[in-house]
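Student: Could you take me through one part of this model closely? I would like to see what holds it together, step by step.

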Amino acid sequence: MAERLPAAARPARMRWWGWGDPAHPPVLPAHALAFLGEHVGVARKPRAPVALAHVRVAPSALRAAVRVQLASLLGERRVREDHAERVAHAGGKGYVDLVRMRAGEPEGAPDAVVYPAGHEQLRALLELCERESLAVVPFGGGTSVVGGVAPLRGEHAGVLALDTAGMAQVLGIDGESATVSVQAGVRAPALERHLAARGLTLGHFPQSFEYVSLGGCAATRSAGQASSGYGAIAKMVVGARMAAPGGELTLPALPASAAGPDLRALVVGSEGTLGVISELALRVRAAPRERIYEGAFFEDLQAGMQALRAMAREHALPEVARLSDEQETRMQLALAGGGGVKGRLGRAYLGARGYARGCLTILGFEGEREEVAWRRRRALALVRAHGGLGVGRSPGEAWRRGRFEAPYMRDELLTHGVMVETLETAAQWSSLPRLHRTVGEAIAAALRAQRTPGLVTCHVSHVYETGASLYFTLLARQREGDEIEQWLAVKRAAGDAIAAGGGTITHHHGVGRDHVRWLPGELGGGGVAALRALKAQLDPAGIMNPGKLLAQTAP
Ligand SMILES: Cc1cc2nc3c(=O)[nH]c(=O)nc-3n(C[C@H](O)[C@H](O)[C@H](O)COP(=O)(O)OP(=O)(O)OC[C@H]3O[C@@H](n4cnc5c(N)ncnc54)[C@H](O)[C@@H]3O)c2cc1C
């Protein structure tokens, strides 16, 4: 029996020009701005985004006769062509999206936004779009940072954003099997609240948690901050339904199957290019009764990596495992300020040890009391065995409280003329230290070449037995009037260094449009051809999310 989530389960409308709830208070303290002024450089005058009315989008190309067909299929209220709706669906939340939006110049906008109510409507809608040559961009939370929701029409007469917010019901919980079935538009916080009321959790907490849809998470092979324990979304999807122009896939919830290659794994990561995921069955767990978040310091990154690798091998990993490199640790201590918990503990630690540097680690354990106690004891023993020192719960709790705040700070940094963006990869343990060095150097060299040297930081997270993810953050003074090319040069240098160093071009953000140029290098010509053949079957007219994942040419 479907359970409709209450209206309050819907997130606040996202700021069209940036991140999150428009009512959220500022988060950039004065001492942090002063630190950035000294080490990165900030604009002399803050630059606010333009007013919504000043955002330029071309008139909708949707023909009146097609609009009538859409409205008669979905209902008048589920077809929107107004300026605010088109702007809100004109891009995702990557740096380039934000720079363009704030200037009032998105690269385009969908001709209309449609809100289908469920699988059957979806199928009919996709048939109509194929017939009328309308490209379809599935749109969940719209938080893509790789151009995944860019409103590209390809060769088609128009482009629709297909917002899944109208498909947001929890369909049911199978308590015995520990699975929940949802429509793909359900937002992560709403699902967590629904599960928490029943003593359960999904355990999927990306930094973009407040806004993501479960369909979007599955479509991008997303990984949450607690993936070292709960696993990434790919581990959680046990069944799926997808509507495609060329047919549909219905993959029942099963614990495992040897019936050929796993089609669930093709749906997960398909990024809207094969069809629209309408429903998902997801593995859930008992809500944790114990949560211990704490900090530890290592003398250097290598020691910390070895400790995390040992924890993974011995099944002693915490749910959240994040190891900052020296630069990131220094920046965190500085941004936390003199009065900050991390700042005080960090300096005390470094002083007591006589280290000039150090690497802060956050270890977050969740689960049943006894099991957590065992795992934590073993993990802390491994921290000590690798020369690290536990510094108690304050840094862990501080991280947990602020875990969803960074995206708000990004908006304020842009206001102050700071280029700020992240990029990520993953590799085997044997390649990781070198990859950390070469990618960091490539980013720094690209920034220097533009005469905007800034800060390049990194942390290890999403830890596995065989390797881990590296997550880079860079901050540099914006080159006014040339912000986009400034970033693209850095991105190209970083992507090339990742490919050369044996890393994946993306561990969890997906390919979207931004990573297309590196995909053939990673999958090989045969791999890309196989994916194209699958697309030709499910989407013969090529209306599904053109220009993403399998684009013909690199951007
Ligand atoms: C500040 C910030 C922090 C982030 N942190 C993380 C993080 O910690 N971990 C992480 O993994 N990612 C992170 N991301 C990236 C992003 O949140 C993820 O890619 C997320 O999974 C996207 O979900 P969404 O619902 O917003 O999808 P959207 O952005 O709406 O769509 C993403 C892609 O999936 C497709 N899609 C969406 N819904 C469907 C559907 N029902 N069927 C088929 N295709 C669909 C879209 O067409 C698009 O190609 C972050 C992004 C931001 C802005």
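Tutor: Start with Glu81 and Arg67. They form a salt bridge, and their closest N and O atoms are 2.6 Å apart. Glu81 sits in the loop between β1 (79–80) and α3 (83–88), while Arg67 belongs to helix α2 (residues 64–74), so the pair ties together parts that are 14 residues apart in sequence. Keep in mind that this is a predicted model. How exposed is Glu81? Its relative accessibility is 28%, so Glu81 counts as partly exposed.

Now look at Arg80 and Glu85. Their side chains meet in a salt bridge, with 3.8 Å from N to O. The cut-off for a salt bridge is 4 Å, so this pair qualifies. The two partners sit in unlike surroundings. Arg80 is partly exposed, at 31% relative accessibility. Glu85 is buried, at 5%.

Next, turn to β1 itself. Which sheet does β1 belong to? It is part of an open sheet of 4 strands, in the order β1-β2-β4-β3, with mixed pairing. β1 and β3 (134–139) stand at the edges. Each has a single partner strand, so one side of each is left without a neighbour in the sheet.

β3 is joined to strand β4 (residues 158–163) by 6 bridges, and the two run parallel. Find Phe139 there: it stands opposite Asp163 in β4. A helix covers this region too. Helix α5 (residues 119–131) packs on the sheet and touches β2 (112–114), β3 and β4. The direction of α5 makes about 170° with that of β4.

Strands of a sheet pair through backbone hydrogen bonds, either parallel or antiparallel.

Move on to Arg376 and Glu294. Their side chains meet in a salt bridge of 2.5 Å, N to O. Arg376 lies in helix α14 (residues 369–385) and Glu294 in strand β12 (residues 290–298), so this bridge ties together parts that are 82 residues apart in sequence. Are the two partners buried or exposed? Arg376 is partly exposed, with 23% relative accessibility. Glu294 is buried, with a relative accessible area of 4%.

Stay with β12. Of its 9 residues, 8 are buried, so β12 is largely enclosed by the rest of the structure. Which strands pair with it? One is β14 (residues 359–367), antiparallel to β12 over 9 bridges. Within that pairing, Tyr293 stands opposite Gly364 in β14. Another is β15 (residues 389–392), also antiparallel, over 3 bridges. There, Ala296 stands opposite Gly390 in β15.

Cys359 is buried, at 0% relative accessibility.

Salt bridges are another matter. How many does the whole structure hold? A search finds 28. Some share partners: Glu120, Arg123, Arg241, Glu248 and Glu279 are joined into one network.

Glu279 leads us to one more sheet. Glu279 is in β10, as the bridge partner of Gln183. Strand β6 (residues 179–183) and strand β10 (residues 276–283) run antiparallel, joined by 5 bridges. They belong to an open sheet of 5 strands, in the order β5-β6-β10-β8-β9, with antiparallel pairing. The edges are β5 (170–174) and β9 (247–251). Each edge strand has a single partner, so one side of each lacks a neighbour in the sheet. Neighbouring strands here are turned by 10° against each other on average, direction ignored.

A helix packs on this sheet too. Helix α6 (residues 188–196) touches β5, β6 and β10. The direction of α6 makes about 40° with that of β5.

Begin at the bridge from Glu81 to Arg67. Pass to the bridge between Arg376 and Glu294. End at the network that includes Glu279.

Conventions. Residues are numbered from 1 along each chain as its sequence is written. This is a predicted model: local features need pLDDT of at least 70, side-chain atom pairs count only at pLDDT 80 or more; totals for chains, interfaces and linings use all residues. Side-chain values use heavy atoms; hydrogens and water are left out. Buried means under 20% relative accessible area, exposed over 50%, partly exposed in between (1.4 Å probe, protein chains only). Two strands pair if DSSP finds at least two bridges between them. Axes are lines fitted to C-alpha atoms, for helices over the stretch in contact, and angles run from 0 to 180 degrees between N-to-C directions. Contact means heavy atoms within 4.5 Å.
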